[in-house]
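Hi,

Here is the structure I promised to pass on.

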Amino acid sequence: MPVRNQPGWYKDAIIYQIHVRTFFDANNDGIGDFQGLTQKLDYVQQLGVDTIWLMPFFPSPLRDDGYDISDYTSVHSRYGALEDFKTFLATAHDRGVRVIIEMVLNHTSDQHPWFLESRSSRDNPKRDWYVWSDTDARYRGARIIFLDTEMSNWAWDPISKAYYWHRFFSHQPDLNYDNPAVREEMWNVMKFWLDLGVDGFRLDAVPYLIEREETNCENLPETHAIVRDLRKRVDEQYPGTMLLAEANQWPADLCQYFGEGDEFHMAFHFPLMPRMFMGLRLEDRKPITEILQQTPEIPPSCQWSLFLRNHDELTLEMVTDIERDYMYDIYAQDKSMRLNLGIRRRLAPLLDNDRRRIEIMNGMLMSLPGTPIIYYGDEIGMGDNIYLGDRNGVRTPMQWSGGWNGGFSAADPESLYSPPILNPVYGYQAVNVLSQNRTHHSLLSWMKRLISVRRSTPVFGSGSIEFLHPANHRVLAYVRQLGKETVLVVNNLSSAAQAVELDLGRYRGNILIEMFGKNVFPRISDVPYLLTMGPYQFYWFRLRRI
Amino acid sequence: MREIIVTELIQGLQEMAREFAHYLPRVIVMLIVVFIGWVIAYLLKVIMRSILRLPRFSKLSDNAGATELLKQAALPSSSELLSRVVFWVAWVGFILLGVSALGIVGFEEYTSRFFLFLPRLFVGIVILFFGFLAAGFFSRAALLAAVNADIRSSRLVSHTVRIIISIFTISMVFEVLGVAEGTLLIAFGTAFGALMLALAIAFGIGGKDLAKEFLERRLGKGKPKEREDELFPL
Amino acid sequence: MPEETLLSDDFLRQLINVGEVDILIGLPTHNNAGTIQQVTHAIQAGILKCFPRDRAVIINADGGSRDGTPQMVTGVSIDDVWSASKVYALRTLHAVSTEYGSSPEPGRALRTILAAADLLQAKVCVIISADEATIEPDWLQKLVKPVYRDNFDLALPIYQRQRFEGLLMRNVLYPMVRSIYGCRVREPFASDFAISSRLATDFLNQDLWNQDWVRLGPEISLTTAAITGSYRICQAFLGVRAHTDPSATDLILALRRTVGALFASLDANFPMWSKISSSQPVPLIDGTCAITPEAININRERLRDMFANGVSELDPVFQYILSPQTLADLHRIAALDLNEFRYPPELWVRTVFEFAASFHQSVINRDHIIQALGPLFRGRALSFLEEISDATEEQIEMNVERLCGEFERLKPYFLKVWNEKR
């Protein structure tokens with residue numbers, strides 16, 4: 001059972017992102033459910049992760065895969081009942097696994113009772129729960145986020161004969177956070193789940209809570225005030241609860257969501273992620289080190305959240321035009337892979353199913369400063385299906401075995417919520433948990449070892465980072481330190497073997513112990529430390545002075 | 001009386017015959033050595049002639065100015081001359097060897113002196129040849145440099161260089177041969193000094209305008225020249 | 001491997017850190033502090049603008065500069081070490097410098113750069129002159145693109161010239177390369193050019209780097225190697241070229257680097273060029289040749305006097321080199337007044353060919369032969385400038401074309417005197 005109010009637990013966590021619908025179908029209706037998820041908690045525990053992030057499971061018309069919520073305090077009937085969720089939560093806690101859930105603060109489904117009331121008449125008490133306007137000319141400074149599908153941030157409602165504000169899909173009207181009643185009700189929602197025992201929330205679409213004229217309606221001071229208020233309540237009433245911000249912004253704007261340690265505990269480092277892919281393909285560490293050098297210091301109690309892929313497209317909003325063009329040309333030559341200034345593909349297909357590249361990317365994920373998040377299925381190298389609409393191609397059923405429906409469900413294949421991946425390269429007969437569990441050298445086995453080594457020291461989660469700048473720009477090297485513990489990480493981003501000389505004079509006298517095999521490497525002396533590395537190889541060295 | 005004379009005569013003749021019989025083998029040896037020497041010297045001359053017939057040597061000789069010099073002196077070409085020198089040096093050497101076989105007292109010293117002289121002679125010839133070659137090369141280089149630098153008295157410069165190098169060469173040859181070293185040193189010094197003095201006077205009188213122009217240019221005085229475009233060959 | 005003795009340990013270490021590249025920019029330098037920053041910034045801008053995704057490196061081969069030139073070159077590198085004056089670039093750009101010797105030697109500089117290009121597997125190697133005060137960023141693209149993208153092996157420049165510039169190019173090098181090698185390259189001696197990895201490796205591996213003429217003038221040797229090796233050659237119009245190097249007016253140095261190297265190339269390539277009877281055009285990428293029509297202000301009298309003086313003083317030398325007829329013709333025109341002075345194209349061609357033949361036969365020291373051409377070239381330059389003083393651009397071009405025609409017409413004569421004993 002994890003300690004409930006342990007401060008800073010999230011700094012050493014390793015998070016596994018799951019969508020209930022995609023994971024395991026226990027009642028054979030073709031859709032994953034909480035009973036199924038509960039049955040698979042052993043797998044999650046054996047993987048070595050200690051936190052699950054659940055994507056939205058609330059009642060919803062499912063026009064945005066559950067991010068259009070029509071009831072905040074229940075469980076969608078397709079996934080089970082609230083009791084099933086409680087059982088799942090208790091079982092997870094018994095295995096020492098924490099659970100954080102989604103909390104979509106910014107908007108609801110247009111089928112939510114609040115909106116149905118709000119739109120019913122201008123005099124309705126809940127009218128002011130959403131942002132209405134007689135014209136679509138307000139807030140011109142705000143950009144459109146879903147460029148591929150939306151033409152405007154305003155949508156005309158024929159029932160109330162007015163426009164309503166929506167930063168995402170038109171069926172997702174924005175809540176009006178200038179209304180104290182809204183803020184209070186959302187806190188009640190959060191309380192509901194905290195009372196059940198969840199360990200934290202991923203707060204979706206945080207930057208867009210407040211709108212003001214002559215601004216871009218993002219990251220406004222009022223938004224931060226709302227977050228601070230939430231944080232204060234959480235700390236007072238549910239200490240140890242973690243709040244994770246989803247804010248796709250530049251580092252300087254992102255850092256504001258930490259406040260002075262009085263806003264979010266964690267935030268996704270969106271700008272870093274595409275640059276990891278860029279650096280790997282350019283075979284140049286420059287994009288990675290530069291974005292981290294530009295990232296300001298964050299309060300000691302806060303933590304970045306790092307990820308390679310997730311349920312959304314690989315966002316290219318926080319890159320320059322040159323960088324975006326490069327990423328498109330390299331990673332999404334087929335234009336159908338592109339969506340909303342991003343690329344909707346999974347990790348393995350993006351990396352051409354190259355085992356070495358997959359490993360080094362996961363190695364960086366686990367060793368750069370931040371809490372890593374693994375998207376379900378990436379630990380076995382699942383593929384994607386770009387022919388499914390929107391981002392559904394990366395949300396296909398988990399592949400458990402080579403049998404019926406990939407072991408996901410005993411239902412008829414035609415009744416599955418989504419077809420599984422079938423091609424010979426990524427299909428469930430080639431890529432599945434069962435076969436990889438039986439192979440010592442499978443990706444899954446390797447990921448377990450990686451996670452195990454990561455968890456063997458707190459230095460990765462809580463330590464400082466100092467970049468080395470060897471003259472060989474293909475090598476990304478940095479030192480992580482926490483107290484007396486020092487770890488040297490060296491990554492060869494090149495597809496060819498490389499030689500690199502590292503200036504480790506500060507650590508003269510230390511011997512290097514490679515952390516996976518625990519073999520000893522030569523002692524550091526005054527001369528530059530020469531390493532030769534194979535293609536895409538990486539080393540984690542613990543420094544010891546004996 | 002007659003018997004005594006006849007007896008003495010017979011004894012004298014016998015003595016002569018004995019002496020003759022004693023020296024005859026040595027004379028025969030000498031003649032044989034001289035003959036063999038002639039054959040070898042002739043062969044050397046033929047070999048030398050064919051080696052020196054290569055175009056490179058005659059070109060070198062032309063460049064050294066030796067061809068011209070020999071023509072003016074009504075001497076054969078440099079390759080023929082060298083071949084003949086080789087012939088005579090080789091044959092004289094064998095003749096001396098042959099004569100030394102006679103065992104004449106005091107002659108060995110002259111023979112050894114001759115053979116000791118040979119290397120110096122060879123070095124001297126080499127120095128002479130390459131000295132004239134250098135004189136020709138550097139005088140032409142000086143001529144070309146002076147012409148391209150638009151110096152008026154370029155021929156004078158060229159000849160001066162040739163003369164200086166030639167004098168150096170000749171004095172070195174004489175020194176190597178060990179001929180009148182002291183006299184040569186003084187003569188060389190005198191000649192060289194006189195040459196320098198002559199050049200100084202010539203420059204002082206004839207080149208004063210040039211010097212004036214040079215100084216004016218360096219010190220920035222004098223008539224400002226109209227700016228002209230320079231040629232950029234490339 | 002030839003580069004073993006060319007790469008110092010320190011340089012090799014730097015190259016290891018650079019790794020494989022797509023584009024290598026070579027910068028031979030010697031005391032170019034006055035122009036080098038402009039040049040390197042133009043190169044950097046050219047890379048960032050035209051080749052932002054490609055792996056590039058600047059290699060500076062320095063011949064013992066004492067004015068801080070190498071430091072200025074390496075200062076233009078772009079890496080991830082944070083600095084306030086950051087230029088945005090997708091990739092790291094290395095700028096690496098090495099001192100190949102304590103005095104400048106063009107052959108060794110080029111060889112060092114080619115060795116680095118070979119080691120780094122550069123797809124294209126572009127050489128830029130360090131004294132190009134008028135260089136533009138798009139010069140890089142104009143030179144690189146034909147080789148990098150369009151499969152040419154050698155991209156040579158064409159500059160916009162003033163009337164009194166490039167006289168050696170127009171009166172000897174271009175027409176001679178055209179007539180001898182059958183290839184109409186306007187600037188066979190180029191200080192800015194791009195070569196493919198194929199040509200660079202082949203040229204590097206040729207056994208000619210110890211020859212004096214190649215050490216002095218590797219550029220001509222490269223051009224002739226490309227022509228004789230049937231490599232694909234093109235020309236790219238770059239723009240105005242300003243001369244800042246004081247040695248640019250040194251005629252004898254220019255003759256050695258160009259005419260000497262060209263004459264030296266004829267020996268080994270005789271079997272090939274002796275069979276060529278006509279010339280072929282070379283593709284021109286972007287633009288045309290241009291000559292600016294400004295007036296000329298040359299000291300004609302001095303030129304004429306240097307010519308006449310040269311003919312007179314060097315007569316003993318010319319007797320080795322020229323035929324009696326040609327020498328007599330030269331004496332005849334040397335006696336002409338300035339107003340009547342003309343050095344006819346036909347006589348000039350004979351002069352050049354006889355010099356080339358004498359060079360081949362080494363009638364005298366080869367360097368002396370080259371130097372002896374100096375006064376005669378001045379006479380020809382004077383005559384040429386008189387012919388084009390009031391001419392339009394088209395007329396100048398026709399004049400050059402006529403001279404080229406003369407060179408081509410008299411090639412049989414050249415073949416005749418090639419082995420004729422002097």
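This is a predicted model: local features need pLDDT of at least 70, side-chain atom pairs count only at pLDDT 80 or more; totals for chains, interfaces and linings use all residues.

First, chains B and C. Their contact draws on 32 residues from chain C and 18 residues from chain B. On the chain C side, the elements giving two or more residues are helix 6 (167–181), helix 10 (251–273), helix 11 (300–313) and helix 15 (366–388). Helix 15 of chain C gives the most, with six residues. If you sort that chain C side by class, you get 18 nonpolar, 12 polar and two charged residues.

Next, a helix pair within chain C. Helix 2 (residues 36–50) packs against helix 5 (residues 138–148) at an angle of about 65°, and their axes are 7 Å apart. The crossing is right-handed. Helix 2 of chain C brings I43(C), G46(C), I47(C) and C50(C) to the contact, while helix 5 of chain C brings D138(C), W139(C), L140(C) and Q141(C). That makes five nonpolar, two polar and one charged by class.

Last, over to chain A. Strand 18 (residues 511–514) and strand 19 (residues 520–523) run antiparallel and pair over three bridges. For L512(A), the bridge partner in strand 19 of chain A is F521(A).

Cheers

Technical notes
Residues are numbered from 1 along each chain as its sequence is written. Chains are lettered from A and ligands numbered from 1 in the order in which they are written. Two residues are in contact if their C-beta atoms, placed from the backbone, lie within 7 Å. Helices (H or I, at least four residues) and strands (E, at least two) are DSSP runs, numbered from the N terminus. Ala, Val, Leu, Ile, Met, Phe, Trp, Tyr, Cys and Pro count as nonpolar, Asp, Glu, Lys and Arg as charged, and the others, Gly among them, as polar. Axes are lines fitted to C-alpha atoms, for helices over the stretch in contact, and angles run from 0 to 180 degrees between N-to-C directions. A crossing is left-handed if the near helix is turned anticlockwise from the far one by less than a right angle, and right-handed if clockwise. Two strands pair if DSSP finds at least two bridges between them.
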